[in-house]
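The exercises below ask for a careful reading of ring pairs, cores, a pocket and some backbone angles. Please work through each task with the structure in view before turning to its solution.

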Amino acid sequence: MRKLYVLILSVFLSVFLSVFLLALASPASYAADNGSWSVYPVSSKIAARPYFYLSADPGQTLRDKVAVANKTGAPLTFRLYAADAYNTARDGGFAVRTVKEKQRGVGAWAHPARSRVTVPAHGSVTVPFTLRVPEKAEPGDHPGALVALDERLDRGDAATSAVAVQRAVGARIYLRVGGPTVPALAVEKVRISHHQPLVPGLGASGATISYTLHNTGNVTLNPKVRLRAEGLFGRTLLSRELTKLPSELLPGQRVRLTEPWHGAPQLDWGDVTLTATAPGTRESASTSFLALPWLMAVLAGVGLVAAVVVIRARRSGTRPWPLTARRGGIRPRWLRVRRGRARPSVRVRPSRPARPTPSRRRSSPSARR
């Protein structure tokens with residue numbers, strides 16, 4: 001029993017020591033990494049930094065260092081540049097501009113000491129950089145990154161692939177310029193589309209709610225959105241917190257998002273409301289919906305058209321469709337079918353002329369005396 005206890009303790013200590021030594025030997029534990037190389041801030045005297053968190057006033061100049069590590073067995077050469085950050089349209093993820101795009105913030109203000117760097121196999125290179133904040137820089141957050149770009153074209157399987165890509169890794173820069181900060185968030189363009197079965201009750205129903213989150217302020221936000229749907233007479237149909245949200249909504253960025261609604265009502269009329277919140281801001285937007293199965297919608301449309309035709313006919317003093325008398329009832333004239341040739345009309349015997357009523361002879365005035 002004592003031997004088993006000693007064995008377990010020795011295994012635990014060896015694992016702990018290995019993890020501890022690995023943490024000490026890996027200063028890039030927070031590095032942006034793609035498996036072949038990584039880019040990360042040089043550790044400060046206090047601790048390793050996951051990203052560059054910088055603060056400056058307009059007109060101030062900052063200096064720092066970035067490290068590029070090569071994890072492959074051959075030397076690699078990179079193009080080193082600064083880039084502005086933005087939210088992707090697909091899911092709101094953090095992304096940076098390419099080297100050929102126009103840079104307006106950190107991408108234009110930060111300048112590495114070397115634009116190209118060659119990193120030896122299983123080695124790393126430290127590069128200083130300077131960040132000069134313009135005098136007229138707007139206050140608030142200006143996100144970006146220092147990017148190490150492999151300018152070689154990666155074609156993958158050259159026999160089957162006709163697309164070539166360039167790979168890049170960047171260390172994030174979160175720069176805040178001094179001045180008033182204004183957190184502001186807007187919910188825009190709320191839409192709802194229904195997915196109804198043709199016949200009510202014969203199939204599942206659902207809906208898709210789409211909306212746009214817009215950071216109208218000057219600081220990065222971590223938004224939270226609550227979805228609420230109400231039917232007729234204020235009945236609560238749905239109420240939940242949404243989870244498919246960007247963790248960071250950068251200043252000035254818009255993200256178009258969708259949310260499925262499984263089991264949406266097949267027949268109802270109500271409103272959908274989205275409420276977005278973040279520290280210091282809260283905004284709501286809503287839209288109305290009418291859930292109606294396709295079959296009922298078609299029947300309602302036909303009935304509406306018929307009602308309009310009847311109302312217009314009554315106002316004009318005519319029938320909505322001409323009728324004609326026939327044996328067995330009355331049918332519309334447009335349904336009458338002429339059979340065979342037209343028969344000649346039968347001669348009608350003329351009636352005798354009426355005898356005139358005999359008139360009495362009027363007497364003269366002298367005879368009435």
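**Exercise 1. Find which strand gives the most residues to the lining of the largest pocket, and describe that lining.**

Solution. Strand E10 gives the most, with four residues, where strands (E, at least two residues) and helices (H or I, at least four) are DSSP runs numbered from the N terminus. The model is predicted, so that local features need pLDDT of at least 70 and side-chain atom pairs count only at pLDDT 80 or more, while totals for chains, interfaces and linings use all residues. Residues are numbered from 1 along each chain as its sequence is written, and side-chain values use heavy atoms, with hydrogens and water left out.

The next step is the pocket itself, which has a volume of about 420 Å³. On a 1 Å grid over the protein atoms alone, a pocket is an open set of points where a 1.4 Å probe fits, with protein on both sides within 12 Å along at least five of seven lines, and lining residues have an atom within 4 Å of a point; the volume is the space filled by probe spheres set on the points, which are joined across faces, edges and corners. Of the 19 lining residues, the closest to the centre are Gly 105, Asp 141, His 142, Pro 143 and Pro 251. Strand E5 (76-87) and strand E10 (140-149) are the elements that give two or more residues to this lining.

Finally, the lining divides into six nonpolar, seven polar and six charged residues; here Ala, Val, Leu, Ile, Met, Phe, Trp, Tyr, Cys and Pro count as nonpolar, Asp, Glu, Lys and Arg as charged, and the others, Gly among them, as polar.

**Exercise 2. Classify the ring pair of Phe 52 and Phe 129, and then that of Trp 261 and Phe 289.**

Solution. A search of the whole structure finds seven aromatic pairs, a pair being rings of Phe, Tyr or Trp (its six-membered ring) with centres within 6.5 Å, and planes under 30 degrees apart counting as stacked, over 60 as edge-to-face and the rest as tilted. The centres of Phe 52 and Phe 129 are 5.3 Å apart and their planes stand at 85°, so the pair is edge-to-face. This pair links distant parts of the chain, with Phe 52 in strand E3 (residues 52-56) and Phe 129 in strand E9 (residues 124-132), 77 residues apart. Phe 52 and Phe 129 are buried (under 20% relative accessible area, with exposed over 50% and partly exposed in between, for a 1.4 Å probe and protein chains only).

For Trp 261 and Phe 289, the centres lie 6.0 Å apart with the planes at 85°, so this pair is also edge-to-face. Trp 261 belongs to strand E16 (residues 254-262) and Phe 289 to strand E18 (residues 281-291), 28 residues apart, and both are buried.

**Exercise 3. Which residues have the most contacts inside the largest nonpolar core?**

Solution. They are Val 39, Phe 52, Phe 78, Leu 131 and Leu 175, in a core of 30 residues; such a core is a set of buried Ala, Val, Leu, Ile, Met, Phe, Trp, Tyr and Cys residues joined through side-chain atoms within 4.5 Å. Its largest share, five residues, comes from strand E11 (residues 168-177). Apart from it lies another core, of 28 residues, among them Leu 242, Ala 276, Phe 289 and Ala 291.

**Exercise 4. Where is His 122 found, and is His 122 buried or exposed?**

Solution. His 122 is found in the loop between strand E8 (116-119) and E9, and is exposed, with a relative accessible area of 62%. Its phi is positive, about 55°, although His 122 is not a glycine.
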